[in-house]
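Try each task before reading its solution.

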Amino acid sequence: MELPASQGLAIYLVATLLAFSSAANLAQERNRPIVLDRSGGFQIGGSVINAPGNPNRTLSCDHGYVEYFIPWTPRQTSLVMWHSSSTQVFQNRWDGGPGFKDLFLGRDYPVYLWDGPRVGRANWGCQNQTYTPAYGDQGNFVSWNFGPAYMKWWPDVQFPTHDDAAWQQATSARYQEFNTYANVLLHAHAAAVAADSGRLGDSIVYLTNSAAGLRAQLTAVRSNTARIKGIVAYESIGFVFPDNANVTQSALGGYGPVVVPLDEFKKLARVAAIQFVWGDHRGPGDTWVQQSRQCAALINSYGGNAEVLMLGDDAGLKGSTHIPFADMDNAEVAVLLDQFLARNSLDGYADTSLLVETEKGVSGK
């Protein structure tokens, strides 16, 4: 579903007002200490397999890895940050400033950084893996929408274009992604186990980027969905469709479309809120944007709550890249997420009495 004109105008006006106050707000967030109750990590899901010809030798593999940070006075909703490139894009802004991890810990949201099976800190796979250098720096530049060609930056791009070290940090952070249909299903299964386990909390909102958006949609399809309350997919490359929508599944499947039975697709309509977010410099005929609109409309046709947000046209945030939550204006992008969470009643505190007592202690009243 495309945002109604009135709602798009409201978002644009809010974003315009934020342009005048973002510097002060960001300075205030930087000066506010992040107080944690606890942090840590764990593996979840996966398999234990026996060595061929030697059943006494085993390998624990194909699990996911979660690193978590729980604020002292946590909100009820956990933000599970699911990268396609690397967890680093959630940890810092392009210039090394605060990323979504710290911005939302400062807002008291529990944050979980997710590495899916075979990538990042969950890289023990149950099958053979071969790494072949792909020489992808130039491709990263274009696919991440920094500009139309390598080192030809969009004039308004939200990246420190004169900082060579920032570009080197960005392109060096990328993981091997294994974008095959089998890998998409492997990730979705492990993430569904994690969601259903309760170890990510009872109210989960996935923040995804790129190909992780397809994996999160399939996670909702494969889980019991009771704990999955929202998906905010930044530049999702791949979408799920029901088998009655006259959509043909991709033969490769790593980037969708993925077709599932209608009853399974309807699980997406039971998620409280879904938002597909797009950066700037994408034309109206962009294939992925069109697919997001079609997917959102189908979710809504079965009673769901899905929308498409164009950061440039709807919110007035110009120059957003493929990874807008790491952009130089990520504080403004964060405010849009604040509004989404509040609008869908996902911003409440887990223990309001504790919050009140803490505030009394801080104010001395």
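**Exercise 1. Positive phi angles**

Is Ser-345 buried or exposed? Then compare it with Asn-145.

*Solution.* A word on the ground rules comes before the steps. This is a predicted model, in which local features need pLDDT of at least 70 and side-chain atom pairs count only at pLDDT 80 or more, while totals for chains, interfaces and linings use all residues. Residues are numbered from 1 along each chain as its sequence is written, and side-chain values use heavy atoms, with hydrogens and water left out.

Step 1: Ser-345 is exposed, because its relative accessibility is 55% (buried means under 20% relative accessible area, exposed over 50%, and partly exposed in between, with a 1.4 Å probe and protein chains only).
Step 2: Find Ser-345 in the loop between α10 and α11 (352–363). Helices (H or I, at least four residues) and strands (E, at least two) are DSSP runs, numbered from the N terminus.
Step 3: Check the backbone: phi of Ser-345 is near 55°, a positive value in a residue other than glycine.
Step 4: Turn to Asn-145, which is not a glycine either and has a positive phi of about 60°. Asn-145 lies in the loop between α4 and α5 (164–172) and, at 8% relative accessibility, is buried.

**Exercise 2. Salt bridges**

*Solution.* Step 1: Apply the criterion, a side-chain nitrogen of Lys or Arg within 4 Å of a carboxyl oxygen of Asp or Glu. The structure holds 12 such salt bridges.
Step 1: Look at Arg-38 and Asp-37, whose closest N and O atoms are 2.6 Å apart. Arg-38 is partly exposed at 46% relative accessibility, and Asp-37 is partly exposed at 39%.
Step 2: Move on to Arg-282 and Asp-286, a salt bridge with its closest N and O atoms 2.8 Å apart. Here Arg-282 is buried at 19% relative accessible area, and Asp-286 is buried at 17%.
Step 3: Salt bridges that share partners join Glu-67, Asp-115 and Arg-121 into one network.
Step 4: Arg-121 is partly exposed, at 37% relative accessibility.

**Exercise 3. Two helix pairs**

At what angle do α8 and α9 pack, and at roughly what angle do α6 and α7 cross?

*Solution.* Step 1: Helix α8 (residues 262–269) packs on helix α9 (residues 287–301) at about 90°, with axes 8 Å apart. Axes are lines fitted to C-alpha atoms, for helices over the stretch in contact, and angles run from 0 to 180 degrees between N-to-C directions.
Step 1: Name the contact residues (contact means heavy atoms within 4.5 Å). They are Phe-265, Leu-268 and Ala-269 of α8, with Cys-295, Leu-298 and Ile-299 of α9.
Step 2: Look at the buried residues of α8, which are Phe-265, Lys-267, Leu-268 and Ala-269. Besides α9, they pack against α7, β9 (240–242), β10 (258–260) and β11 (273–278).
Step 3: For the other pair, the axes of α6 (residues 181–197) and α7 (residues 212–222) come within 8 Å and cross at roughly 55°. These two helices, α6 and α7, are therefore oblique to each other.

**Exercise 4. A buried valine**

Which residues does Val-333 contact, leaving aside its neighbours within four places in sequence?

*Solution.* Step 1: Locate Val-333 in helix α10 (residues 330–343). Val-333 is buried, with a relative accessible area of 1%.
Step 1: With those neighbours left aside, Val-333 is in contact with Phe-100, Tyr-234, Leu-317 and Pro-324.
Step 2: Take Leu-317, which is 16 residues from Val-333 along the chain; their C-alpha atoms are separated by 8.1 Å.

Terms used:
Parallel < 35°, antiparallel > 145°, perpendicular 65-115°, else oblique.
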